[in-house]
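Open the model in your viewer and follow the stops below in order. Each stop says what to select and what is there.

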Amino acid sequence: TNGITCINTSNPNALILKHSTLTGNKHYPLQIHPNVDISQVMYNTATGNDSGNCCLVTGGDIRTNRTWPGTNKFAYQVGGNVFVYKHTTPADTLIIQPGSEIQFASGSSLFIGHYYNYRQRQGVLIAEGTKDSTITFTSSSNSPKPGDWNGIYFCHAGTGYFRHCSI
């Protein structure tokens with residue numbers, strides 16, 4: 001079983017988890033749909049979990065502003081394609097905070113912006129680390145190599161800002 005699983009929800013207070021340890025789970029200590037608000041998931045650790053000590057972000061759409069905190073002592077593992085876009089303006093934004101490590105499973109991607117039904121859908125990615133607290137985008141493989149994951153794509157109306165990142 002997973003420790004905590006949060007499926008797609010529009011409730012902004014669906015998950016508040018602070019200063020906790022997620023341990024001894026058969027699968028992932030934390031599994032979320034990408035549209036779940038995890039801005040209040042902070043200062044946590046994960047140890048001794050069979051599937052790894054990370055937060056599994058399943059594939060899906062982010063259709064509102066979201067923040068992935070960098071204060072947790074575990075990585076975010078993207079397990080499927082994640083799309084950041086909105087049908088109307090202003091664009092939806094994914095903010096990745098300093099100290100975050102974003103791991104991508106084989107074949108997974110992050111798409112910013114979208115084109116559907118002859119209309120551009122806006123999306124924004126902001127990954128602004130600091131000199132002392134960088135942001136890392138990498139493979140989830142135990143032995144990472146080029147081609148393990150597909151990449152970050154800016155489509156049609158997608159924009160991005162990267163600072164102090166390792167990709």
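How many helices and how many strands does the protein have? Colour the chain of this predicted model by secondary structure. The protein has 21 strands and zero helices.

Next, show the C-alpha trace alone. Along its principal axes the trace spans about 50 × 35 × 30 Å. The radius of gyration is 15 Å, and a compact globule with 167 residues would have a value near 15 Å, so the two agree.

Now show the contacts. Among contacts with a separation of 6 or more, 75% join residues 24 or more positions apart.

Switch to the surface. The accessible surface of the protein is about 8400 Å², and carbon and sulfur atoms hold 47% of that area. Of the 167 residues, 45% are buried.

For the last stop, select T136. This residue belongs to strand β18, which covers residues 135-139. Is T136 buried, partly exposed or exposed? Its relative accessibility is 24%, so T136 counts as partly exposed, since buried would require under 20% and exposed over 50%.

Leaving aside neighbours within four places in sequence, T136 touches S100, E101, I102 and S166. Finally, draw a distance from T136 to A75: their C-alpha atoms are 9.5 Å apart, while 61 residues separate the two along the chain.

Methods. Residues are numbered from 1 along each chain as its sequence is written. This is a predicted model: local features need pLDDT of at least 70, side-chain atom pairs count only at pLDDT 80 or more; totals for chains, interfaces and linings use all residues. Side-chain values use heavy atoms; hydrogens and water are left out. Helices (H or I, at least four residues) and strands (E, at least two) are DSSP runs, numbered from the N terminus. The radius of gyration is taken over C-alpha atoms; the globule rule is 2.2 Å times the number of residues to the power 0.38. Buried means under 20% relative accessible area, exposed over 50%, partly exposed in between (1.4 Å probe, protein chains only). Contact means heavy atoms within 4.5 Å. Accessible areas come from the Shrake-Rupley method with a 1.4 Å probe; for residues, only the protein chains shown count as cover.
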